[in-house]
Amino acid sequence: MSEEIEAKLIPIFILSRMHMVPEGSTIITAMEYAGFKLKKGVGCREGFCGACASLYRLEGDFKLHGSLGCQTVVQPNMQIVQIPYTPSPKAIYDLETLNAEQEVFTNTYPELYRCLACNTCAKICPQEILVMDYVQAGIKGNLALMADLSFDCIMCGLCTTRCPAEITQFNAALLARRLYGKYLNKKGRFLEYRIKQILEGKFEEGYQELMNLPKEALTKRYFDRELNFNIT
Amino acid sequence: MKRIPYYPGCSLQTKAKHFETSAMAVAEALDYELVTLPRWNCCGAVHSLTTDDLMHHVAPVTTLLRSKEFSAENHLDDSRLVVLCAMCLNVLKRTNKRVQELLEDRTKINDFMYLENSKYDGSTIVIHFLELLREIGWETLSQKVKHPLSNLAVSPYYGCLLLRPKEVGIDNPEAPTIQEDLLKSLDAKVIENPLKNRCCGSYHTLVDKDVVAELGYDILINAQKAGAEIITTSCPLCAFNLDQRQENILKKHPDFTKIPVVYFTELMMIAFDLPLEKAGLDMHYVDPRPLLLKKEMLHE
Amino acid sequence: MIKKILINDASEAFCKKVNELSGETVSRCDQCGTCTGSCPMIIEMDITPSQMMRLVLLGDESVMETKTIWICASCYSCTARCPRGLDASKVAEALRQIKLRQAIDYMHMEDMDPEELKKFPQMVLVAAYRKLTG
């Protein structure tokens, strides 16, 4: 069943070319309306996956804004480009051999120490994260703060695109969160207990049952399940 | 207790944390609380010297602004900003001077920092911890001494950035005495080192450690010839180059004998007889404890 | 040995550029050599600081290829003593910046020993990155 609604068309500029798109569309839907077939640079459409990073400028405003295309409503005469990916070095490391200390960055992301504290990263971040503050926390060796401040990062890469010191902020922050989870975070009281139960085979029978179910039955089971957080 | 804002700088909470903890303990004994700025960033360590490069001044200006906001919001007794590291002192003071004098630069930097809550007006005053001690008075300090350092031959080392350029230096750039005055108030035997304000090689320690070892050798051997048993410093980088690089000095000059290099605040803790857990005497490459034990300044 | 010098528009432009970047006027240098005598890094340098000043004044761009401009650690010993009130450390910085702004780095972090790197206080990395990379 489809319903026809009337929408006012507004002009926007995608890759410098003008398109008339329905008012109230997001950047992603506007681009699709304008005829772009998005295979990359779009994902969950819910603001979580970070695939649709976009840059835009508004009429009469010198500032360059960063946003997620699926979360940003277009405005008249907005200029848009998508930056779906920024080439970013990824350090190879073994968490088991690292410590949650400042020195980890000297061997993984030493360019962190090039930070100018110019705050350009925080200005562009669509998640409004204090990016520069977390980079600085890393330089100071406060990995817990770095993990905490960067928690909302969805790794869209806009900070890395804009950084004058050529830092890969989001990958460094990912390392900090991993180290935080492994070494600094309080251990959950029940986690080890549950892992022990699993290893002892307490749930083996249930697993086997699920593994042998046909897909429809499995789907039904999934949606009929009752959430029960009481741990025995 | 008088509360005064304090800016640590990048190394003061990791590799040089004993400098911070010992300075805080000493300050407390002198009725001062060094209140760490809640939100601060690295100053950049070296002052950018070109006329057109404003980007590198954003970091220190942000810090100066945060300090101003913090001391106003929390009604601190003293609104000046205390620093311990000589490099931070140099960068913060020189940038501050630049934005005080060049209105155009200040405006540009402020416009660039549009996410901040207020504009920086150049009003933060930056002082080194040694200057605060000088203000408190050497007389007052000597009254706090419970454990005089009378049989310890100490040679102070200044390095460059506490003193030069002279418009931001804390003492006479050619013949400084501030550390000597301090050590005298602790009743130490002060040894004059002719190379006390010679450069330690600074960041070259990263790319060319032999150069730094050679510079360090000259500085240390001159102090030793004058009779020094221990060197004091006030900069984490000087401390690293003079202390850690003795390993490299020994490789080039096998006849060299190691000499401990400590922060002046560590000796103050000993003189004031403060609990030494926070002094960080175990954080040095050349362990000062055997010497201090021999001089009966430490209890077993 | 007689060295021929060539002063033309290009060399004048080079000298002017260094003057602008550094904020110093190198023509005020008297060539007294006080900077050279004060410099703690002199043993490591291929030309002296006063030679550096002279080459800039002559607009000789070969000064850019010297080790001297990178070895200067900005200790300001020369600044404190120059009888003409000049700041040779600013001139060295200007020369470094001309190189660095062409994306020619003096230091490459990937050449460093990873174990060695862990020992340094952060300020070493911050300072070296700022002084030796663009």
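Helix 3 (residues 86-101) of chain B lies across strand 1 (2-7), strand 3 and strand 4 of the chain B sheet, at about 155 degrees to strand 4. Angles here run from 0 to 180 degrees between N-to-C directions, with axes fitted to C-alpha atoms, for helices over the stretch in contact. Helices (H or I, at least four residues) and strands (E, at least two) are DSSP runs, numbered from the N terminus. Helix 5 (residues 129-136) of chain B lies across strand 1, strand 2, strand 3 and strand 4 of chain B, and makes an angle of about 80 degrees with strand 4.

The model is predicted: local features need pLDDT of at least 70 and side-chain atom pairs count only at pLDDT 80 or more, while totals for chains, interfaces and linings use all residues. Residues are numbered from 1 along each chain as its sequence is written, chains are lettered from A and ligands numbered from 1 in the order in which they are written, and side-chain values use heavy atoms, leaving out hydrogens and water.

As for the sheet itself, 4 strands of chain B make an open one in the order 2-1-3-4, with parallel pairing; two strands pair if DSSP finds at least two bridges between them. Strand 2 (32-36) and strand 4 (126-128) of chain B sit at the edges with a single partner strand each, so one side of each has no neighbour in the sheet. From one strand to the next, the twist averages 45 degrees. Strand 3 (residues 81-83) of chain B pairs with strand 4 of chain B over 3 bridges, and L81(B) has V126(B) as its bridge partner in strand 4.

Now for the domains. Contact (heavy atoms within 4.5 Å) links 27 residues of domain 1 of chain B with 29 residues of domain 2 of chain B. About 2300 Å² is buried between these two domains of chain B, with carbon and sulfur atoms giving 79%; buried area is the accessible area (1.4 Å probe) that two parts lose on being put together, summed over both. On the domain 1 side, H18(B), F19(B) and M87(B) lose the most area to domain 2 of chain B, together 24% of what that side buries.

Helix 1 (17-29) and helix 3 of chain B are the elements that give two or more residues to the domain 1 side, and helix 1 gives the most, with 9 residues.
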